[in-house]
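Student: I have the sequence and the model open side by side. Could we talk through some of the side chains and the backbone?

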Amino acid sequence: MSIFEYLLNGFAVALTPNNLLFAFIGSLLGTLVGVLPGLGPTSGMAILLSVTTAVDPTAGIIMLAAIYYGAMYGGSITSILINIPGEAASVVTCLDGYQLAKQGKAGLALSMAAIASFIAGTVGLFGLVFFSPILADFALAFGPPEYFTLMVLSLTMITGLSGASMTKGFVMAAIGLLITAVGQDPMTALPRFNFGTVTLLAGINIVAVVIGVFGISEILENSEEPGMILFQKINKLYPTVKELYCSVGAILRSTVSGFFPGLLPGMTPSVVSFMAYDFERWLSSNRERFGKGAIEGVIAPEGANNAATSAGFIPLFSLGIPTTPPLAILLSGLMIYGLTPGPILFQQRPDFIWAVIASMYIGNAMLLILNLPLVGMWVRFIKIPYPYLAPGILAFCFIGTFSIRNNMFDVWTAFAAGVFGYFMRKLHFPLAPMVLGLVLGPILEQSFRQTMTSSGGSFAICLSRPIAAGFLILTLIVLIVFVLLKRKVTIPDESNS
Amino acid sequence: MRPSKMRKDWNKVMSKTEKIEGIVIICIGVLVVILSFKLGGFSLNEANQAMGLFPIILGFVLIGCGIKLSLEGKKDETKRMKWPERPQMIRVLFVFLAMLANVPAVEIFGYLVGTGIIFGIQCWLLGEQRFWRICICAAILSFVSFFIFQKVLYIDLPDGFIPKMLGVN
């Protein structure tokens, strides 16, 4: 079958009433997650992961993916209206979006953000359709050494990009990897680090840790200063044809500047949106308008972060490598269903993978149609006073954690992880490498030990295979570049935003 | 004591903490290495297939990072963490304690009542003073979440010791 036929089949599955409903619910919940300050896509997806496991795998993953890109759309609403980014990728949108809102152009900023997000997200999905199978075919040649070195490269990139200190990033990645070592050894199933307890024999639940580290710690941090919110009024909602025409160039540029970096591990939508904003300002003949209400200043980050979101699905589906923390949650969702993303998934479950891809087109269209007329409704959600919002989110954290395995140990784990995450935020330890470590830990260890076993304990095997050696050389280059870069620039942190 | 003075003292304490964060990480790394050694040998031909090998590498990574961090801490005396004022810290502590109380409350009273009680306490701790409003919101949140998760999504929520004893489900 050709890619086009697979995609058509995918649409047939995605358009069934059940899957359509879950794409719709996911888009709505995602937008809500994006809108609510103090609840990012990672924590939102982790909390809602248990909900998705209650349905069949296709509907569950469709919903989880919809939550992710829905959150990307939703984040811009709060950035523009109240100068508070709903999630990290919308931080840059505040710069010009809020200025436009203060000038009485909140509607224009919101609509252009939604249109740019839609176009960039959809174009990004075309890339996903055409690049994923090619990359998956290429990845069929990968053995344990290639996977091991690829994961080391991913972890290095994410660690390097997720905070001011690379050393702290490595500490967090190591802690994430160590947590996965608790329980049973993946190769021999012998107990390891369980201290003689039966509870720890099943391991520490990844989702409980992520809910704690992202959701609970965020609530604790926001509890310090539950403040007041000032809104800007929304007047004209839809742009004119002339305004649309003038924005086409910026939308296309943001798509390109978001899509290609989004393919790389560590290039989270928040980092990409900063880059796209800078790129747009650099290209502009009238740079002083930026920061004072330039519409390109809204289009560039919003388009780029949605293109990067779509691009991130390519390495996830074709290689099984999550490039951002929310995609790591999506990967753990796939694992809960017993599905291992990678080249084999394209061969074994094409119905599933193409249905999820097709659903993203539908979800993107849904978001465009729903978001603009529903701006008023989302604004009402932001108006929920924090004393009610925080306990509400905590209640969902409780359910989300408890329902994974129906035991209270996971809830205690989440609380402990919440306190740990709170202090790590305070000490500026990035949280993203820890999540990646948690998700990649078992696969990384397995491929490492398989590599060592096949070579009789010699690491030279990684250097004798061209692809693995290539990944190792890239890791080295990336390390050197980051060490040099860190001395000059501060990279925004996705998790500690 | 004036708040500014308290804050100064607090930041002083935290500045010292920053310097020792590297040492704490070294200690964790050493602990991991010791525990990994207890797992047995590191030969891939052994029965346990070197299951301590991966954790021991991570332990050494932590030790290395800890050494680097403690050296960085000594170099840069100006780096200070922004810690909240004491009243804010107390609020965070109380919200956390209320969160911890969630588990026994749910296990004793069941999800429906336990969540309502803890929701109300947290609302009050976060600054809401209107008692009637807290009660209404707590009741709505508990019932709606209970209905969605237990009845629609069939996720088993805790029944609670008292409702079980009374035979209420």
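Tutor: Let me begin with a term: a residue is called buried when its relative accessible area is under 20%, exposed when that area is over 50%, and partly exposed in between. Please keep in mind that this is a predicted model.

Student: OK, then is A:Phe259 buried or exposed?

Tutor: A:Phe259 has a relative accessible area of 7%, so it is buried, whereas A:Phe260 is partly exposed, with a value of 47%. These two residues form an edge-to-face aromatic pair, with 5.2 Å from centre to centre and 85° between the planes.

Student: How many aromatic pairs are there over all chains?

Tutor: The structure holds 20 of them, counted over all chains.

Student: And what about A:Tyr388 and B:Phe119, how are their rings placed?

Tutor: Their ring centres are 6.4 Å apart and the planes stand at 35°, so this pair is tilted. Because A:Tyr388 lies in helix H17 of chain A, residues 386-405, and B:Phe119 in helix H3 of chain B, residues 86-125, the pair joins two chains. Both A:Tyr388 and B:Phe119 are buried.

Student: Which residues form an aromatic cluster?

Tutor: One such cluster is made up of A:Phe148, A:Phe448, A:Phe459 and B:Phe54.

Student: Which ring does the charged end of A:Lys168 sit over?

Tutor: That is the ring of A:Phe429, and the charged end of A:Lys168 is 4.9 Å from the ring centre.

Student: Switching to the backbone, what is phi of A:Ala189?

Tutor: Phi is near 65° there, which is a positive value in a residue other than glycine. A:Ala189 is placed in the loop of chain A between strand S1 (183-184) and strand S2 (191-192), and with 43% relative accessibility it counts as partly exposed.

Student: And phi of A:Phe193?

Tutor: A:Phe193 has a positive phi too, near 50°, and its place is in the loop between S2 and helix H9 (206-223) of chain A. At 12% relative accessibility, A:Phe193 counts as buried.

Student: Now chain B: how many helices and strands does it have?

Tutor: Chain B has five helices and zero strands, and along the sequence its pattern reads α-α-α-α-α. Buried residues account for 41% of its 169 residues.

Student: What is the accessible surface of chain B?

Tutor: It comes to about 9,900 Å², with 70% of that belonging to carbon and sulfur atoms. As for contacts in chain B between residues at least 6 apart in sequence, 61% join residues at least 24 apart.

Conventions
Residues numbered from 1 in each chain as written. Chains lettered and ligands numbered in written order. Predicted model: local features only at pLDDT ≥ 70, side-chain atom pairs only at ≥ 80, totals over all residues. Heavy atoms only, no water. Helix = DSSP H or I, 4+ residues; strand = E, 2+ residues; numbered from the N terminus. Buried < 20%, exposed > 50% of the residue type's maximum accessible area, 1.4 Å probe, protein only. Contact = heavy atoms within 4.5 Å. Areas by Shrake-Rupley, 256 points an atom, 1.4 Å probe, with all protein chains shown as cover. Phe/Tyr/Trp six-rings, centres within 6.5 Å; stacked < 30°, edge-to-face > 60°. Lys NZ or Arg CZ within 6 Å of the ring centre and 35° of its normal.
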